[in-house]
Structure formats: C-alpha cells, structure tokens
Amino acid sequence: MIRLEPRGEVSRIWPLLTPLIAILLTLASGVAIFSAMGKDPGLALYTYFVQPVSTIYGVTELLVKAAPLVLIGMGLAIGFRANVWNIGAEGQFTIGAIFGGGFAIAFHDSDSILLLPGILFLGVLGGMVWGAIPAYLRTRFNANEILTSLMLTYVSILLLNYLVHGPWRDPGGFNFPESRIFSASAMMPTLIADSRLHLGFVFALLAILVGWLLLNRSVIGFQLRVVGQAPAAARHAGFSQNKLIWYSFLLSGGLAGLAGVAEVAGTIGQLLPTISPGYGFTAIIVAFLGRLNPFGVLLGGLVMALSYLGGEIAQIEIGLPAAVTGLFQGILLFFLLGCDALTHNRIKFSIAGRFVRI
Amino acid sequence: MDEAVVPILTLNEVTKAFPGVVANDSIDIRVMPGQIHALLGENGAGKSTLVQILYGMLRPDAGTVFWNGHPVKIYGPAEARNLGIGMVFQHFSLFEAMTVLENVALALNEERDMAKIRKRVIEVSHGYGLPLDPDRYVHSLSVGERQRIEIVRCLLQDPKLLILDEPTSVLTPQETEKLFKTLRKLASEGCAILYISHKLREVKTLCETATILRAGRVVANCDPREETAQSLAELMIGQRISSTSRAARENSGGDRIRVTNLSMKPEDEFGIALDDISLTVKRGEVLGVAGVAGNGQKELMAAMSGEARPMEQPDAIWFDGVPVAALGPAARRALGAVFVPEERNGHSAVRDMTLSENAFLTAARRMKLMIRGLMCRSSIRKFAGDVVSRFDVRTTGVTAQAGSLSGGNLQKFIVGREILQDPGIMVISQPTWGVDAGAAVTIRQALLNLAHRGCAILLISQDLDEIFEVCDRIVVIAKGRVSGAREIESVSVDEVGLLMGGFGVVEVNTGMVARRAHDD
C-alpha cells in the first residue's frame, strides 16, 4: 500500500530535489517514448540533450534561446509569488516586438545611436501596455486574469499577422509576409563573434539579479510574498492588493516585452508572422521549474532552452517529429507539479506491515 | 465506580513520537461508561495527539487501545465512529464550501436521506440549545456556530464515548451551563465523556475524574472536585503560576477611541451587520467587548483596524481626535494605533515566514525598519529579537518560521510586536484563544501594563474571566449591536451572560433569539 501523509513541516531539501526528480522522470519517459517509436533511446537522448551543447556555437545558441525564457520567467515568477497569474506573457512578448519593431521599421533609414535605446524602450512599454489590460480588468471588474491575459495573447498574434501581411510588409519583399530587415543600427550588438549571442542574454542576467534583490530585500517584494502566502495578513498590514496586481503585471509584462523586442532586434532582425516558438508559455514552466526563485529561473531557462535546441537537432538528425519538444515540455511540467506534492507530503510505503517513509 | 464494570476505553502504554518530540509517552487511561473524564494539560502536553489516536487519525507507535475490554486498532475516523466514538474538535474539520447539512451528512456512516438528516439536525440542535440553520454555508459561520455543527453531528450518532476538545470557549456562561446539562444527561444515559479543557473551574464543576498530562506523560490522576483550581493548574504546568496584578491607574484622560453610531453592512452576505455602535475608550482604560462568537466581533475588529471601511460614514470612528473611518490600516497605524485580530495563522502572522519577516509585517513604518523601499535587515532582526526577549517567546531564534512556534509563543510574539511599537491605541481580539495558561498570564499582564502607560485598549473577547480580569468597563455585543458600557465592578457575570444572549440589547422578536428565549 502506498499513501501520502503530511510532513508536518515543510521540507527544506525537497523543494530543491523535486525539479531534479522531475527531469529524471521526464528522461525515463523519453526513453520509453523513443523506444516505442522504434528509435534507439540512447542515441535519441544523446542527440536531444548532449549534442546541442557539444560545441561552443551550440552553447551560444543555448544562451540565445535561454535569454527570452529567463527574462519572461523572472517576471512571471515574481507575479506568481503574489498569486497573480499572468498566463499571457506570449502576448506581451508579441506586443513588445511590435512596438519596438514598428519603431525600427519607421526609422529604417536612421543610423542614430538613439535608435536602439528607443526600440528597447518601446518594447518594454508595449509589454507593459499589454499587461496593463488584464491588470485593469482584474482590479476594476474583478475579471479573472488567467482568462483575460491568455485571450489577449491571441489578439496580439493576430495583430502581428495583420501588420506583416498588410501595412508593414516589406515593399521590396516579393509579397512575402515579412517586414523590412532592420538596419544595422537597430540591431543589438553580438557578444561573441560568429555567434548570434546578443545583449539580450546580459539583460536576462541583470533581470535575475534585480529580481533577487526585489524579492528578498525590497519592501514591495516582501509585500508581494505576503499577498501570495497569506492574503488576509497582507490586508491586515494594509498592503494594497490592487497596487500589487498592477505592479506584478507591469513588471512581468515589461520583461516579456523586453524579451520580445530583444528577439526581433537581436536574433531575427525583422518582424515575421511567427517570432516565438512559444517562449511566453514555456516561461511558465521555467518559473515553476525554478521554484519561483530567481536563480532557479536561470537554471530552468537553460533546461528549457536545451529542450528547444534538442528538438530541432533531433528533428534533423534522427527524424523525430517537432511535436516531441512540446511533448517533453508538457511531461516535465506534469512531473514537476506531481513531485511538488512531496514538498508538503511524504510517501509511506507499507510492505508486509512495515513502513518505509520517503 | 464499580470495579466489575468493564471500562469503555482503556489505553495501555500508548506512545507516539514525531520527529524531534515524543508527543505521548506510555499513556495509561481508563474511562468508565457514563463517566465524565477530564483530560487536562497545557498546549503541547500531548492531548491533541492522544485524541487523534483515539479517533483513528494517528496510529500509535506502541501500546494498546482497548474498547469494551477488547484490543482494537482504529484505522480511521469512520471506524472510530462505528465503534461509537464521537469527536468534537478544537480545530474544526468542516468543509467551508458546503452547507451545515452537507457537513453533517458527510460524517454519518449510514443515513443517506437528506430530508431525514435535516429533520434530525433541527431536532437535536434545538433539543440541546445549539440552534443551527441547516442551509447556511460553513464559510459564512462564526467560530462558535461552527463548533455547534461539530457537536450536533456527533450527537446524531448516539456515541458511546464523546470526546470534546475545549468545547465551551465559544459559549456564554448560560450556554455552557446548558451544555453541561446536556453532557450530564448523556452521561446518565451511559455515554462516557472525555472532556479536554484548560478551564479548571469548568472541569471542577463537570468532571468526576481527571487525568493530567504534561510534556507527553500522565503526571496525575485525581478527582477534580477535591482539588483547587490552583492545585490543578500547578499540576498542569509543573510550577507555581503567578496571577496578573493591576496597578491603580486613573482613567480621567480624554477619549482616545470614539465610535459614534457606526453601522456597516458585512462584506460577506452571511456576516453580521454592525448596527449603530457607539463606544468610547479613555486614555489608560481597557474596554471589554464581551459576546458570543459570531455576533459581529469579526466585523467590529475589521472596522476598527481599517480592513473594512464604512466609507459613507467618515465620522463614525475617531482615534485621538482624528476621523479615521475612511483610512486604511496603514494610515491608522501611522496615527499610533495597533491591531491584533483573533486569527494568528495567516492574519496577524504569516506561518511560512520567519519571525523577523513577521515583525516587519506590521512594524515596518512605525519602527523605521525600511530605508528607501528596502528592508533594513539589521534593524528588523534587532526589533524581532527585542520582541522575543522582552515577551519571553520560546523559539530557536528570529529566523525560525512563525508556524514552528506553539500557539502561545506565537501570540506572545504578535502581541509583543504591537506593544513594542508603543501604541496610543490598541484593538485586540481574543488575545488568549488557544494559548497556554502561562502565556495567557504574560499577555494579560502586558495589556495591563500598556494601559497603565496611557494606551487606550479595546479588548474583544469571548472569555469572560479574561474581561473581568483586565477591563475597567464592559460592553456586550449581540447581533451586531452593543449595549451601554458598565463599570466592571458594578456588573455580575450573570448580567453579562443575559446580555450576551441578546436580551436587553435587541428586541426579542424573530429568529434565533426568539427561539432560544422560547427554549428557556
């Protein structure tokens, strides 16, 4: 017989162990799935998880993919700490890219050094504007922010499609649904020659540091944590819940917008109908994989970035379908949430009347 | 007791250990049929663990439980109920999102017919003076009303052994007396009663035998009727206890708290509306608000702290001559007021945060624990450390999580956190609820000392002993209205008890009050 029983006090070790266990279980499921597909599981796992980072270029690509995940994940983690469920980071990412990208397109013939700062500023602003909508609806009408922020994602993607198919289409682009290519002065500098690694990753690292300071040292971070853990205590202490909802949405929206603009002005170099392989949604997994802890988010971002890279390479090398990436991400979140039960509970096996507790 | 009678319940060397603590250490207890048996002990003495073993919620590590002379293993509450064990918990096990009736039905092993259950709920609840509306949702009920559900649902099952954990903390003296009649009647019908309490006077009037626990062990078995309250308390605590002392103080100063004609609709549809409340508290005075749980205490506390605000009545509440009714909690604190609500977990403290962080929670501004939006960690640690040392909080340190402290120690920390902010006004609700006797004395003494320094204290409490010990004047709250204030010397417990039942405060016309009057 196996049963769960409460631990009594929250374990210190399990919150750190559960992500590792979840990753191991995901790998084990991977072996099963690959075998069922008739692939050599050892080769598949190698291709998926090791080959992508076996070269310097591979590592820089990993960081390129991790940057948006970490930026978005950090913002989400702060909101999630306060029980503010921004599920629409993908939309804020997209609007950030539209605001910043629109600026780059409008001034495509400028070589001012103010062009790039302007693009980045507008990207952040765009994300904040898109995050402000669910914040307003929640604080004014008590509309559930999970639904509103998620639905706004689809609005933003349709808006991007409209722009690149219509008004912002490249005049010299043979009718392809793409914007002009940004001018060199609109692009973020690369960090390592012959790679695509750009300033976005530095922003991600800065976001982690600032996020850590905010959560652990600042009064507003304290208030966010209290609201999340004990809303009644926050009310008792006189913290304004509405203010904290606004704060969470503007912060996570702004970071998602920054990630979006960094993607188009760093990695892609133009606006396309699809600018994200679902970074905004994957970042939710990143936030939880990282235990809503800033440094955990950094690690979580790297792990999830690897799943994107591995998926691409596995597609090319051994002909695995692209859906395997999404499958792995889903399985990982599933095991992660499942393993979370171990933080507050322990498993009690009873074998022939003897108890073994984990 | 006739020795030939088989004890309904015998515990033989029952031991239960948790990581780091032996909660029950070789406990031996015998309960005879029809006996009212007290289980006495401080918080943390192991009473709750023992009771959870009896009710099948915990398995003992060693030792045997005998039921009617036969060894039994109780694998769960349902099995305990099948044996005939009924349990009224101190911490209620109710589903908040369900109605009273559904909660009762859930606990019944056999009966499935809701109409029948409803009929029995109404019968039993009125028969025992525990009025309940079967269709109310539990989340909207007060602590006192929730406890009634627990009692009623046990009585529905005709138990052979009824375990009650601190059942009278939410009852008026008259209701308590009525409950005792019920319990005596049950006992005379042969039902054994295990009565867990720290109210020694009650144990002395009700129980014929007592087992006293301290630190997980049985330290004495006695007949409480032959002991004094003092001797019982000393057995419980293991040392002599002091009582509070009050220095003479003059209450001639001006009104620091003035509430005039405060009326407020409850936020929650089943809450109590505050109805035309007026009261004043002078400098250096403690005004007690007595009353049965669920008569508007929660709402009054929220109105005083600013967690609920009567926006259309900006002049209803004045602190030190400033109208505060429209201000939030932080602005009221800035005026020198502090608040301690009834619930510790998640309201006045955050369980999973450290004591330092909990100190910061309400003292940040007044104690200047933050600089330019950042937490000033050294000052916070120092302030939390002061609270711990000045109020004798037993803890491993200020980095301990609030949830790791016992109820009494956490409450001392919370009260200390507010008192060290040197408030001019304090509004405090149920300060010694679920707190051990030693901590209760410390807290009450701290309140008296605070008043002596000129603070005006509004003390909302259901514990009449506490009100008579600490307060200068008393009002009674019933159905959201308060009676006129009386000097504590000029009022008797019986008078207060009648007011608590609603007589003299509201016209007896409809609803529960009328029915209760009819029952009397």
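## Terms and model

Helices (H or I, at least four residues) and strands (E, at least two) are DSSP runs, numbered from the N terminus. The model is predicted, so local features need pLDDT of at least 70 and side-chain atom pairs count only at pLDDT 80 or more, while totals for chains, interfaces and linings use all residues. Residues are numbered from 1 along each chain as its sequence is written, chains are lettered from A and ligands numbered from 1 in the order in which they are written, and side-chain values use heavy atoms, with hydrogens and water left out.

## A cavity in chain A

The whole structure holds two cavities of 30 Å³ or more. A cavity here is a set of points, on a 1 Å grid over the protein atoms alone, where a 1.4 Å probe fits but cannot get out; lining residues have an atom within 4 Å of a point. Grid points are joined across faces, edges and corners, and a volume is the space filled by probe spheres set on the points.

The second largest cavity has a volume of about 30 Å³. Its lining consists of Gly30(A), Ile33(A), Phe34(A), Val324(A), Leu327(A), Phe328(A) and Ile331(A). Helix H1 (14–36) and helix H13 (323–344) of chain A each give two or more residues to this lining, and H13(A) gives the most, with four.

## Salt bridges in chain B

Over all chains there are 26 salt bridges, each a side-chain nitrogen of Lys or Arg within 4 Å of a carboxyl oxygen of Asp or Glu. In one of them, Asp61(B) pairs with Lys16(B) at 3.7 Å, N to O. Asp61(B) is in the loop between helix H1 (47–54) and strand E4 (62–67) of chain B, and Lys16(B) is in strand E1 (residues 9–18), 45 residues apart. Lys16(B) is buried, with a relative accessible area of 9%, and Asp61(B) is partly exposed at 48%; buried means under 20% relative accessible area, exposed over 50%, and partly exposed in between (1.4 Å probe, protein chains only).

Arg256(B) and Asp320(B) form a salt bridge at 2.9 Å, N to O. Arg256(B) lies in strand E11 (residues 255–264) of chain B and Asp320(B) in the loop between strands E14 (317–319) and E15 (322–323), so the pair ties together parts that are 64 residues apart in sequence.

Glu285(B) and Arg473(B) also meet in a salt bridge, at 2.6 Å, N to O. Both Glu285(B) and Arg473(B) are buried. Elsewhere, Arg444(B), Asp463(B), Glu466(B) and Glu469(B) are joined into one network by salt bridges that share partners.

Notes:
1 Å grid on protein atoms, 1.4 Å probe; cavity = no way out; pocket = protein on both sides within 12 Å on 5 of 7 lines; lining within 4 Å.
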